[in-house]
Amino acid sequence: MKFFVDTAEIDAIAELNDLGMVDGVTTNPSLILKSGRDILEVTKEICDLVEGPVSAEVVATEADDMIAEGRKLAKIASNIAVKVPLTWAGLKTCKTLTDEGQMVNVTLCFSTNQALLAAKAGATFISPFIGRLDDINLDGMDLIADIRQVYDNYGFETEILAASIRTVNHVTDSARIGADVITAPPGVIKKLADHPLTDKGLEIFLADWAKTGQKIL
Ligand code: G3P
């Protein structure tokens, strides 16, 4: 399973990238706002840092404008994945840009039927939002499982990019179901290493080691 980092914070991306944990990055207008950076500048910096796909989202709502924005974003670097919302205009943009050989991430997916449409439009990635479904008392993981089954039934190659991940259990469940990619905030990815028994075990080992009076270096 690939790990994308869901942020536009350069330092956080660099820290995880140095550990080999970053297969790509996803951004959106809210994350650009949070970063306080210019979209074109910060996206270029991320693309220079990370080898894998970097999603940059269009903000127009009409297809012609979306396509123009997508083409402009695509010029930032060869690893840009143009991100479009799951609307008919977004699907048209997806079809046009993928026909031109551009990676496209179709975002704001909340149903299996929407995911089917994105696959038929040639999307490179489909982004079902887990946390936002959980927020309204639905089960985001059910959607990931349903899309996995449907894509496998027909051999669709669109990659399932589990998004709106809020917890470490979302990561585990996405991996179990077979999502191709998860995108998560840096904080969630860092928490994946945590286990109280690891901390406790290390404490015991260090205490015993101190009693030996030995040194390795
Ligand atoms: O990848 C989509 C993500 O940024 C949305 O997450 O937590 O705002 O629902 P959230």
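This is a predicted model: local features need pLDDT of at least 70, side-chain atom pairs count only at pLDDT 80 or more; totals for chains, interfaces and linings use all residues.
I started with F4 and F125, and both are buried (under 20% relative accessible area; exposed is over 50%, partly exposed in between, with a 1.4 Å probe and protein chains only). Residues are numbered from 1 along each chain as its sequence is written, and side-chain values use heavy atoms, with hydrogens and water left out.

Next I looked up ring pairs, meaning Phe, Tyr and Trp rings (the six-membered one for Trp) with centres within 6.5 Å; planes under 30 degrees apart are stacked, over 60 edge-to-face, the rest tilted. I got four aromatic pairs. The ring centres of F4 and F125 are 5.6 Å apart with planes at 75°, so I noted this pair as edge-to-face. F4 sits in strand β1 (residues 2-6) and F125 in strand β6 (residues 125-128), so their pair ties together parts 121 residues apart in sequence. Strands here are DSSP runs of E, at least two residues, and helices are runs of H or I, at least four, numbered from the N terminus.

Then I checked F110 and F129, another edge-to-face pair, at 5.6 Å centre to centre and 65° between the planes. F110 lies in the loop between β5 (103-109) and α6 (112-120), F129 in the loop between β6 and α7 (130-135), so this pair links parts 19 residues apart in sequence. F110 is partly exposed because its relative accessibility is 32%, while F129, at 8%, counts as buried.

Last, I found that Y151, Y154 and F156 make one aromatic cluster.
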